[in-house]
Amino acid sequence: KKNNVIYDVGSANGLEGFAMNHLSSSHICFIEPYTPSVETILKTAYLINQNKKEKERKFDIIHAGCTEKESYSKLIMHSAPVAGQTRNTYETRKNYEEKGGRDRSKVVIEQWVKGITLDSLVNVYKLKKPNYIKIDVDGHEESVLKGAKYILKNKLVKSWCIEITGEKRIKNITDIMFKNDYEFVEEYNHYPNYEVIKTVDRVFVKKSLKKKWDTYSKQANLEL
């Protein structure tokens, strides 16, 4: 729906956010700390805005790391600064996944960037309140959710799509969502035959919307 607001946390080069905007005309808030990827998002948003007749701009672009508290810290880059690169670390390595080719021991370059919380985007900076959130931050998910206590408590979001790696982290995130009255309804396994570590996209919806999700999911599978 046109009035939907989607927060794309860990946007990389913005592909998924722009796809969601194209498919549903939703308002997209890109939250990404990595400058090369932010530049790509800016250029793409500029081109889209040039071709649209709508007066309202459909994008907010937040150049910041999304974490559990307001901060100003280093974004550590573990490879050459190329748009779309995702192996970056905000603040500290301890929260990130490093198995399955995600080693973060090599430091190529660092940049100081702002750290924000999802709650501060709503309550301090007065961005539009989200009703859908996608998170893809390579192991930093729990920190992101710790900074979303107001959003979780007030059930602002209808559904969350969270990429999670590792059985322990999958359980922890699922428990957090369950305690906040969100139900796990769908899972996509990135690498079904990869035994080193499991990476999934999990969808969580408000418990009150579970029946609607089941109807939608059944219809979508029939169309496929």
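How many nonpolar, polar and charged residues does the lining of the largest pocket have? The legends below, which describe a predicted model, take up this question in the first view.

**View 1. The largest pocket and its lining.** About 1,400 Å³ of space lies in the largest pocket, and of the 34 residues that line it, Tyr132, Ser159, Val203, Trp213 and Tyr216 are the closest to its centre. By class, this lining has 17 nonpolar, seven polar and 10 charged residues. Helix H7 gives the largest share, six residues, while the elements that each supply at least two residues also include H1 and the strands E8, E9, E10 and E11.

**View 2. The second largest pocket.** The second largest pocket holds about 560 Å³ of space, and among the 32 residues of its lining, Gly10, Thr86, Asp136, Val137 and Asp138 are the closest to the centre. Two or more lining residues come from each of H1, E2, E4 and E6, and the lining divides into 12 nonpolar, 11 polar and nine charged residues.

**View 3. Helix H2 and what covers it.** Helix H2, formed by residues 35-51, reaches 25 Å from its first C-alpha to its last, which is close to the expected 24 Å. Pro36, Ser37, Val38, Ile41, Ala45 and Asn49 are buried in H2, and the cover over these buried residues includes helix H1 together with strands E2 and E3.

**View 4. Lysine 74 in strand E5.** Lysine 74, which lies in strand E5, is partly exposed, with a relative accessible area of 31%. Its contacts include Thr89, Tyr90 and Trp112, and the side chain of lysine 74 makes a polar contact with the side chain of glutamate 110 at 3.2 Å.

Definitions and conventions. Residues are numbered from 1 along each chain as its sequence is written. This is a predicted model: local features need pLDDT of at least 70, side-chain atom pairs count only at pLDDT 80 or more; totals for chains, interfaces and linings use all residues. Side-chain values use heavy atoms; hydrogens and water are left out. Helices (H or I, at least four residues) and strands (E, at least two) are DSSP runs, numbered from the N terminus. The expected span of a helix is 1.5 Å times one less than its number of residues. Buried means under 20% relative accessible area, exposed over 50%, partly exposed in between (1.4 Å probe, protein chains only). Contact means heavy atoms within 4.5 Å. A polar contact is a pair of N or O atoms within 3.5 Å; within protein, one must be able to donate a hydrogen and the other to accept it, and residues adjacent in sequence count only if both atoms are side-chain atoms. On a 1 Å grid over the protein atoms alone, a cavity is a set of points where a 1.4 Å probe fits but cannot get out, and a pocket is an open set with protein on both sides within 12 Å along at least five of seven lines; lining residues have an atom within 4 Å of a point. Grid points are joined across faces, edges and corners, and a volume is the space filled by probe spheres set on the points. Ala, Val, Leu, Ile, Met, Phe, Trp, Tyr, Cys and Pro count as nonpolar, Asp, Glu, Lys and Arg as charged, and the others, Gly among them, as polar. Lists of a residue's contacts leave out its neighbours within four places in sequence.
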